[in-house]
Amino acid sequence: MDVRRSLPAVDALLAHPHVREARGSYGQRLVRRAVRQTLDETRRVLAQPAAPACPDLDSLATRVLSRLAELARPACRAVFNLTGTVIHTNLGRSPLAEAAIEAMTQAARHPVALEYDLDSGGRGDRDRLVEGLLCELTGAEAATVVNNNAGAVLLALGALGAGREALISRGELIEIGGAFRMPDIMAAAGCRLREVGATNRTHARDFEEAIGEHTGMIVKAHTSNYAITGFTGSVPEPRLADIAHAHGLPFLVDLGSGALADFAALGLPYEAQPLDAVGAGADVVTFSGDKLLGGPQAGIIVGRREAIASIKRHPLKRALRLDKLTLAALEATLRLYRDSDVPQRDIPTLALLTRPETDIAATGERLLPHVQHLLPDITVTLEPCLSQLGSGSLPVDRLPSRALVWRPEESPRRLRERRLRHLETALRGLPRPVIGRLSDGALRLDLRSLVGEAEETAFLGQLEALQRRYTAGTESGMASDERKAAEGTGNRAASDARSAASSETYGGTP
């Protein structure tokens, strides 16, 4: 008899008390989908040659509830960023300030004066929500915003230099993550790239000699994700601005990250500010909203009024414009820079970057006793480490921090590596995934970004689940190894038998 015939009907499983109760939380439609998927999956398992016995109704109901939890879980999930990279591109870069979150909530809940001028009652410009703040904070005459800094550079190049040559130092032909390459962006914008100088040294005369009838602009790009050291030299921005303006050319500076705070005053490594580039004479300055600025994803363009007006008239401007939620969050973040007495407290990214090492160490001391003996074959220690800013910001500089370091106990290397993989997988599989960093035969959880009692409690609240997942993964791995070993033994036996038969057939010696 086909054991699959013993499976209950969809309606029978829907009538199970636990499944019926779940309808109040998940809704009839999702529950029915989970039931159908559970039964389909069970049929596939029971169709295998060495299939287990048909599960009873209670077991199937438990599987339905597990599948419901998976179906209802959002793909965009909160995680613990314990990688040591504060502004992590793959984890959403900068967390937003509470003021920005509240502004987004209000903009999402209500109609807003996005492109409506409340004074005149006519159509307005959405850039006005942030333009005044940006001009005040950077010293620029005008400003506009788009969806990210790659879009900002593309738009500015296309509006000011399309069809002509753009001069840039050979050492600044940057490539950052996500396939953003300055030569490709220039080509997409319709500019013809003209490299100037050498990789490590570029002089003012290199630019002056390269300017000709086809030159359209001069570009400077900050090397945000690498550093050239040794025998190096570059042309200061004020000198480049003088050269450009002497020939009637626009001068564009791409800062990449862009900071609106004086990092040196905060005890952090120096980072160029838009205020500096504007003061140096740049016609256009571009930078990101979600890196060192600590706001939402945005490409910010500030500069001279005529240049910004040309950029805003470009057809791509509408295609790259920001929505009301992002504009609301950006406005709130910029207001904090303008109005807050302690922006490094109110803007989470700055708070994380300036967090005292003693505070991070205290967090580690509180957590260590809870994890030291959690897993029988893993030792955990609290050790000094170095955090990095991330997302192309200050690529060389590091910040002293502390990490919980998980190391497998002494055993064969292959076994240690397998345990680390199981541990990393178990951490990623938690209700709120924990993302760490594997290096030098250990898993490191940098605690710089784990801040506050609520976060510590949430982290500790998952330890029991981590223990279960790790144990299950280890047992599954051991069973897999045993199967492979058995298969290997069987394969060797079969090979020996074939060799013996071959020897007999061809008269060889067994």
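Which residues does the UniProt annotation "domain: L-seryl-tRNA selenium transferase N-terminal" cover? According to that unreviewed entry, the annotation covers residues 4–43; UniProt positions follow the numbering used here, feature names are shortened, and annotations may be inferred rather than shown by experiment.

The model is predicted: local features need pLDDT of at least 70, side-chain atom pairs count only at pLDDT 80 or more, and totals for chains, interfaces and linings use all residues. Residues are numbered from 1 along each chain as its sequence is written, and side-chain values use heavy atoms, with hydrogens and water left out.

**Stop 1: the N-terminal span**

Select residues 4–43. The span is 78% helix and 0% strand, and its end C-alpha atoms lie 6 Å apart. Helices (H or I, at least four residues) and strands (E, at least two) are DSSP runs, numbered from the N terminus.

Next, select helix α2 (residues 17–26) and helix α4 (residues 57–72), whose axes come within 10 Å and cross at roughly 15°. Axes are lines fitted to C-alpha atoms, for helices over the stretch in contact, and angles run from 0 to 180 degrees between N-to-C directions. The two helices, α2 and α4, are therefore roughly parallel to each other (angles under 35 degrees count as roughly parallel, over 145 as roughly antiparallel, 65 to 115 as roughly perpendicular and the rest as oblique). Display H18, V19, A22 and Y26 in α2, which meet A61, V64, L65, L68, A69 and A72 in α4; contact means heavy atoms within 4.5 Å.

**Stop 2: the open sheet**

Move to the open sheet of 4 strands, ordered β11-β12-β15-β14 with antiparallel pairing; two strands pair if DSSP finds at least two bridges between them. At the edges are β11 (378–387) and β14 (437–439), each pairing on one side only. Neighbouring strands of this sheet are turned by 35° against each other on average, direction ignored.

Between β11 and the antiparallel β12 (residues 399–408) there are 10 bridges. Select E383 to find its bridge partner in β12, A403. Helix α18 (residues 413–428) packs on the sheet and touches β11, β12, β14 and β15 (442–446), its direction making about 30° with that of β15.

**Stop 3: confidence**

Finally, colour by pLDDT, the predictor's confidence in each residue, from 0 to 100. The chain averages 89, and 89% of the residues score at least 70. Where pLDDT is low, the predicted coordinates should not be read in detail.
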